[in-house]
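I opened the model to look up a handful of residues and helices.

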Amino acid sequence: MKLEAIGLTKYFPVTSGFSMSGRRGWVKALDGVSVQVAEGETLGIVGESGSGKTTLARLLLLLERPTAGSLLFDGKAIGDFERDDLARYRRAVQAVFQDPYSSLNPRMRVGDIVAEPLPSGSGLSRAEVSDRVREVLQLVGLPREGAALYPHEFSGGQRQRIAIARALVTYPKFIILDEPVSALDVSIRAQILNLLKHLQEELGLAYVIISHDLAAARYLATRLAVMYAGKLVETGACDGVYAEPLHPYTEALLSAALPLHPSARRQRIILSGEVPNPVTPPSGCRFHPRCPRALPRCGSDEPEWREIKPGRFTACHLY
């Protein structure tokens, strides 16, 4: 089973006043992005704020409709789905969000929160739903009796475990992890990452992890996709990208990450300027105004997406 995005594009209208007729342009949040993830593997998606990572996650979760491009699930386009296909997709693709404090309804008991993704027409009895809830709570390291409690009776790390249990309750195949540890204390992050890795091995899950935390992405990811200003700039096996980044933006991004060993030395690459305005992105390569290795053609010609080494793709005129 595979989840695949082909040429996904998402533009948001920029309007003036209260009428759509006052449109002034488009926010080009995502522009022709193609990624895929199969059962049992983890795709890490990294990049600065404004790179399009969260927009891509929302498209994968069907929270937004793409402006162009297509999304395939198990070889079938989402646009061709019947009602039963959509229900199957929503059960198979779940999410864990960044903030465990705001993603859980404080007025609901944990058992009801965890059971929420189960469809009303699932055919499960109340006792079967209760058993499933207790089962996934135990899977994430929480007591089965916790189903009767409220979120405020748990710590931040425990709340994120509840969010993970909620994602697991429908027997999913793919889980979108949107900054899953960034809101947690440093001492708790490793516990949650270890839990996610254990669950993946035990249940055969596939993850898409959206993260600013390059260490977290490296720990979980088998493949890495680097985004900048709504576009992919590089993809490849995670270890290969970290060891030998191809694109100058990837090189600069990874230079800011903590090294694997305290004695390792890495030269920090400081980029000038900021991520471009998504309403008026630069022509040519979108990274060229900040690129320390820009060529004259980078400002006018958009680089082609090509395979530079086996399994390593980038869009850069240096190659």
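The entries below go through what I looked up.

**Ground rules**

I am working with a predicted model, in which local features need pLDDT of at least 70, side-chain atom pairs count only at pLDDT 80 or more, and totals for chains, interfaces and linings use all residues. Residues are numbered from 1 along each chain as its sequence is written, and side-chain values use heavy atoms, with hydrogens and water left out.

**Entry: helix 1**

I began with helix 1, residues 53-60. Helices here are DSSP runs of H or I with at least four residues, strands are runs of E with at least two, and both are numbered from the N terminus. I checked burial next. Buried means under 20% relative accessible area, exposed means over 50%, and partly exposed lies in between (1.4 Å probe, protein chains only). Six of the eight residues of helix 1 are buried, so this helix is largely enclosed by the rest of the structure. I listed the buried ones as K53, T55, L56, A57, L59 and L60. Just after helix 1, I found L62 with a positive phi of about 60 degrees.

**Entry: G47**

I then looked at the loop between strand 3 (42-46) and helix 1, where G47 sits. G47 has a relative accessible area of 5%, so it is buried. I looked up its contacts, where contact means heavy atoms within 4.5 Å. Not counting residues up to four places away in sequence, G47 touches K53, S211, H212, M227, Y249 and L253. G47 and R109 are 62 residues apart in sequence and 36 Å apart in space, C-alpha to C-alpha.

**Entry: two buried side chains**

Which backbone atoms does the side chain of E234 reach? I placed E234 in strand 10, residues 231-237. Its relative accessibility is 0%, so E234 counts as buried. I used polar contacts here: pairs of N or O atoms within 3.5 Å, where within protein one must be able to donate a hydrogen and the other to accept it, and residues adjacent in sequence count only if both atoms are side-chain atoms. The E234 side chain reaches the backbone nitrogen of L246 at 3.1 Å. It reaches the backbone nitrogen of H247 at 2.9 Å.

I turned to R290 in the loop between helix 9 (248-255) and strand 11 (305-309). Is R290 buried or exposed? R290 counts as buried because its relative accessibility is 9%. The side chain of R290 reaches the backbone oxygen of G273 at 3.5 Å. Leaving aside neighbours within four places in sequence, I noted R290 in contact with E48, Y228, L271, S272, G273, E274 and V275.

**Entry: helix 5 and helix 6**

Two packed helices are described by the angle between their axes and the distance between the axes. I looked up both for helix 5 (residues 156-168) and helix 6 (residues 186-203): their axes come within 10 Å and cross at roughly 20 degrees. That makes helix 5 roughly parallel to helix 6. For the terms, axes are lines fitted to C-alpha atoms, for helices over the stretch in contact, and angles run from 0 to 180 degrees between N-to-C directions. Angles under 35 degrees count as roughly parallel, over 145 as roughly antiparallel, 65 to 115 as roughly perpendicular, and the rest as oblique.

I then listed who meets whom. From helix 5, G157, Q160, R161, I164 and L168 meet I188, Q191, I192, L195, L196, L199 and L203 of helix 6.

**Entry: positive phi**

D74 is not a glycine, yet it has a positive phi of about 55 degrees. D74 lies between strand 4 (68-73) and strand 5 (76-77). At 40% relative accessibility, D74 is partly exposed. Y171 is not a glycine either, and its positive phi is about 60 degrees. I placed Y171 in the loop between helix 5 and strand 7 (174-178). Y171 counts as exposed, at 57% relative accessibility.

**Entry: P106**

I finished with P106, in the loop between strand 6 (93-96) and helix 3 (110-115). P106 is exposed, with a relative accessible area of 58%. P106 and P151 are 45 residues apart in sequence and 5.8 Å apart in space, C-alpha to C-alpha. Leaving aside neighbours within four places in sequence, P106 is in contact with Y150 and P151.
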